[in-house]
Amino acid sequence: MGQKRVSSSQRRASVLAAAIRIFGSKGFAATTTADIAREAAVSQPYVVSLFGSKDALIRAAIEHALDRVVEVFEQTIDDDAPGDLAPRIGVAYLQLFKEQGLQLCLAHAFTAGTDPEIGPLARDGFLRVYRVLVNRGDLTPEQASQTLAAGMMANVILGLRLADDYDREPAIRELLSATYPSNVELLRTVTSAYDGLAPLQGGAGV
């Protein structure tokens, strides 16, 4: 039997997933298309041929990450499961940690408000998520704010690898319990399973 043929859309998705992992690990400025090519096991010219430029790849990564958050939140809203929506949204967001780099890629985007390209894209995406919670999920603005704040705190916990020291540091146990009182073990599980990717060598580039 011959090798299974991989479609162009599958190859593009694979490179985009690799880009999200590396952007999440290194940030946008320090990541090069060569870094992404190594992670995706393809050539650097191939990465450029798929997306056109590093800037276009950054935009595609942010848009994909935002689409995934919105998609998962909408699925959670529509599944009509028992229990309050806000805690279920929180659990769904934690489960997204399994998609390596996604939340940290968004965290980088959400701190780039002054960037003329990333800033507007990140702001529009953040408001899109907020509107899903309020307009489709019928959360109050206060509930939506608390849900988003818990998600941002989860990003910080992930980025700092705080859960790694849960058993050794009482302050971390207190913080995680306060942030996700009903889902501490889930938070620990998804963050401990997140490999985070060791920082690559090299500085900023294309």
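Reader: What makes the contact between Arg68 and Glu71 a salt bridge?

Author: The closest N and O atoms of Arg68 and Glu71 are 2.6 Å apart. A salt bridge requires a side-chain nitrogen of Lys or Arg within 4 Å of a carboxyl oxygen of Asp or Glu, so the pair qualifies. The model is a predicted one, in which local features need pLDDT of at least 70 and side-chain atom pairs count only at pLDDT 80 or more, while totals for chains, interfaces and linings use all residues. Residues are numbered from 1 along each chain as its sequence is written, and side-chain values use heavy atoms, with hydrogens and water left out.

Reader: Where do Arg68 and Glu71 lie?

Author: Both belong to helix α4, 3 residues apart, about one turn of the helix. A helix here is a DSSP run of H or I with at least four residues, numbered from the N terminus.

Reader: Why is Arg68 called buried, and why is Glu71 called partly exposed?

Author: Buried means under 20% relative accessible area, exposed over 50%, and partly exposed in between (1.4 Å probe, protein chains only). Arg68 has 18% relative accessibility and therefore counts as buried. Glu71, with a relative accessible area of 34%, is partly exposed.

Reader: Which residues do salt bridges with shared partners join into one network?

Author: Lys26, Asp35 and Arg38 form that network. Within it, the side chains of Lys26 and Asp35 meet at 2.9 Å, N to O, and both residues are buried.

Reader: What makes Glu117 and Arg59 a link between separate parts of the chain?

Author: Their side chains meet in a salt bridge at 3.7 Å, N to O. Glu117 lies in the loop between α6 and α7 and Arg59 in helix α4, so the pair ties together parts that are 58 residues apart in sequence. Glu117, at 45%, is partly exposed, and Arg59, at 31%, is likewise partly exposed.

Reader: How many cavities of 30 Å³ or more are there, and what makes a space a cavity?

Author: The count is 1. A cavity is a set of points on a 1 Å grid over the protein atoms alone where a 1.4 Å probe fits but cannot get out; lining residues have an atom within 4 Å of a point. The largest cavity has a volume of about 170 Å³, a volume being the space filled by probe spheres set on the points, which are joined across faces, edges and corners.

Reader: Which residues line the largest cavity nearest its centre, and which helix supplies the largest share of the lining?

Author: Of 16 lining residues, Val69, Phe73, Tyr93, Val129 and Leu148 lie nearest the centre. Helix α8 supplies the largest share, 5 residues.

Key:
1 Å grid on protein atoms, 1.4 Å probe; cavity = no way out; pocket = protein on both sides within 12 Å on 5 of 7 lines; lining within 4 Å. Helix = DSSP H or I, 4+ residues; strand = E, 2+ residues; numbered from the N terminus.
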